[in-house]
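Work through each task yourself before you read its solution.

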Amino acid sequence: GALLVNERIDREELCGALSPCSLSFEIVVENPLELYSGTVEIQDINDNDPVFPSSQARLEISESVAAGARFPLESAQDPDVGINSLQTYQLSANPNFALDVQTRVDGSKYAELVLEKELDREEQRELNLVLTALDGGSPPRSAHVQIHIDVVDANDNAPVFNQSTYKASVRENTPSGTLVARISAYDLDDGPNGDIIYSFSSHTPAKVRELFALDSATGELRVKGQLDYEETKLYEIYLQAKDKGAVPGVAHCKVLVEVVDVNDNAPEVTVTSVYSPVPEDAAPGTVVALLSVTDLDSHDNGLDSGSPPLSAVKHILVQVSDVNDNAPRSSQDSYDVYVPENNVPGIPILNVSATDPDLGRNAQLSYTLLQGDSTFGHLFSINRENGTLYLLTSLDHEDQVEFNMMVQVQDGGFPPLDTNVSVSVFVTDLNDNAPTVLYPHPNTTTTTYTDVVAPGTPAGHMVTKVVAVDADAGYNAWISYTLLQATDPSLFSVGLHNGEIFTARQLREDDAPEHTLVILLKDHGEPVLSTSATISISVAEMVKEVLTDLTDVAPANDPRRHVTFYLILAVILVSAAFFITMLSVGIFKCYKWRQSRELYNSSRSTTYRTPGPFNHIDAVRGGFTPPSFYHQVYLTTDSRQSDLLCKKPFTSSPLGSRQGTIRNGEPGLYHQIVGTASRLPTPAE
């Protein structure tokens with residue numbers, strides 16, 4: 001614990017004129033941890049001689065100067081302090097002058113010559129005196145200066161200051177050229193003897209001359225150098241006013257300049273000791289570092305509360321050792337992955353991204369696929385190190401649209417921490433399915449469905465409808481219908497988006513009785529896939545012709561031929577009743593021709609009845625028509641012909657929204673042709 005001197009100490013170099021001169025230090029004691037502050041005071045020894053600015057001083061004193069006049073002398077400087085500094089002055093023996101030693105505010109000494117006996121130039125033109133400066137050392141050190149005094153003729157009036165002492169205050173950061181004080185003196189003499197020149201007194205220290213400047217004509221005292229409150233708080237400046245007479249008159253004054261402290265020193269932070277590394281789970285109150293703070297300013301400026309306040313920043317590197325206290329974090333809680341169907345097996349489809357703010361092994365992550373069922377292992381796999389999810393097989397949108405699974409991300413700490421991420425894989429659709437025709441039902445035989453339309457049917461009449469579906473989804477499942485081939489292309493048209501087949505013009509007598517239409521069905525996928533449907537349409541004048549046509553398509557080997565015969569007979573009887581009714585209606589309409597408008601209005605108010613579904617017509621058609629498919633014949637009081645219309649299936653199946661009545665009949669009377677026979681009789685029967 002011994003404190004030793006490391007190198008030679010020079011108090012004047014360390015502290016200058018400051019006293020006492022001290023050096024501060026801090027001592028850290030460990031086990032237990034304690035901090036002690038210490039101060040070493042550097043004591044002065046008398047190792048410097050007083051020094052005068054020059055070895056000779058010259059004064060001009062008029063013989064008219066009265067006894068008691070004072071003449072300041074240049075002061076000697078001694079860098080030592082305390083008793084070793086300059087203590088006194090001594091003047092060689094002479095009959096005219098005595099020496100008066102004065103003490104400044106800061107304790108320094110200066111000397112003035114005091115005229116005790118008036119001078120007589122005629123008696124003695126000049127005097128030579130020796131001024132000796134002595135310090136208080138033992139033995140004392142000294143310095144000498146020769147004072148040569150010239151006795152000149154009198155200049156009656158000397159300059160006079162309006163006050164002997166001036167006081168001023170200035171901030172330590174005041175810029176150069178700032179006015180401190182303005183001194184003023186007057187002289188009652190005329191001419192050169194009354195012109196005044198201001199200057200520093202001969203004993204003004206050189207340091208003061210470096211910091212302040214005096215205008216010789218105006219007496220303005222201005223800042224010249226950089227003031228520092230921490231170095232000197234008060235300056236005692238001696239000035240003189242001298243006229244321009246042959247024997248100049250001189251007046252002296254004192255200016256006390258107080259330096260006001262400015263917060264120009266930032267705090268200084270000293271780091272005594274840093275304890276590192278610190279575990280991240282260290283308890284509150286754990287010692288990390290020892291610090292000390294000092295500020296060279298005074299009062300509030302030295303308590304870190306100046307205006308504006310100054311601050312200091314000290315960077316301390318504290319290394320923190322890691323503890324596995326953070327679970328892996330994924331950038332997303334869940335992922336939605338979209339994979340086109342028919343993909344290439346083995347492709348990466350997702351990179352599960354996760355981070356762990358821990359370090360080293362605590363931040364090493366591994367990825368595991370938590371399988372939802374046994375099939376997942378054959379469909380998906382994940383790279384344990386980087387979290388890349390691979391698809392092992394080709395998927396089919398029509399087979400399964402969505403797969404859900406969990407990915408576990410685990411770190412390498414002890415104990416390990418983990419988090420789960422939800423992954424949903426959606427299989428997007430590709431156009432890999434062509435449209436499928438539901439009606440007319442595709443068949444490998446040459447037999448086609450036959451729809452019936454009456455002669456003279458007007459344009460815009462809906463004959464039948466092609467019903468199709470596409471196993472794809474979205475835009476790939478949109479189906480458009482176009483007429484690819486027809487017996488008479490000008491007679492029929494097909495709806496582009498609904499597959500409804502309409503008459504493009506009114507049927508004429510010279511039109512062919514049988515028409516075959518080939519409808520092209522295309523989806524909107526890329527590439528476009530298509531299929532075709534063949535529709536047979538018969539133009540029939542009477543129901544009998546329809547039934548005859550139906551017999552042409554009935555299978556010959558149907559065992560229920562007798563039942564079919566009776567059904568045919570029933571249809572013929574119903575048809576006869578139908579024509580009788582129609583004839584009666586015609587006669588009635590002719591009789592009521594003048595009342596046709598009222599009859600028409602009354603018939604428009606008749607409640608329209610929707611015909612119910614007709615079953616088992618598939619037996620009549622020999623199995624070529626889907627279930628719930630039926631035919632109806634509509635007759636209205638305003639129609640000029642009978643329309644044998646084919647109705648679409650009436651069912652609640654998913655296709656029901658696409659199926660409906662081919663044509664809405666006019667309100668009025670209607671009849672149904674109902675058949676329940678399983679087949680029609682052959683011509684031989």
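Predicted model: local features only at pLDDT ≥ 70, side-chain atom pairs only at ≥ 80, totals over all residues.

**Exercise 1. Count the helices and strands in the protein chain, then describe its burial and contacts.**

Step 1. Next comes burial: of the 685 residues in the chain, 39% are buried.

Step 2. Now take the contacts with a separation of 6 or more: 67% of them are between residues 24 or more positions apart.

**Exercise 2. Is Ile-9 buried, partly exposed or exposed?**

Step 1. Locate Ile-9 in the segment before α1, the helix of residues 11-15.

Step 2. Its relative accessibility is 39%. Buried would need under 20%, and exposed over 50%, so Ile-9 counts as partly exposed.

**Exercise 3. In which sense does β40 pair with β33, and in which sense with β39?**

Step 1. Find β40 at residues 530-539 and β33 at residues 450-453. These two pair in the parallel sense over four bridges, with Val-452 opposite Ser-538 in β40.

Step 2. Turn to β39, residues 514-523, which pairs with β40 in the antiparallel sense over nine bridges. Here Val-518 stands opposite Thr-534 in β40.

Step 3. Trace the link: a hairpin of six residues joins β39 to β40.

Terms used: Residues numbered from 1 in each chain as written. Heavy atoms only, no water. Buried < 20%, exposed > 50% of the residue type's maximum accessible area, 1.4 Å probe, protein only. Contact = heavy atoms within 4.5 Å. Pairing = 2+ DSSP bridges.
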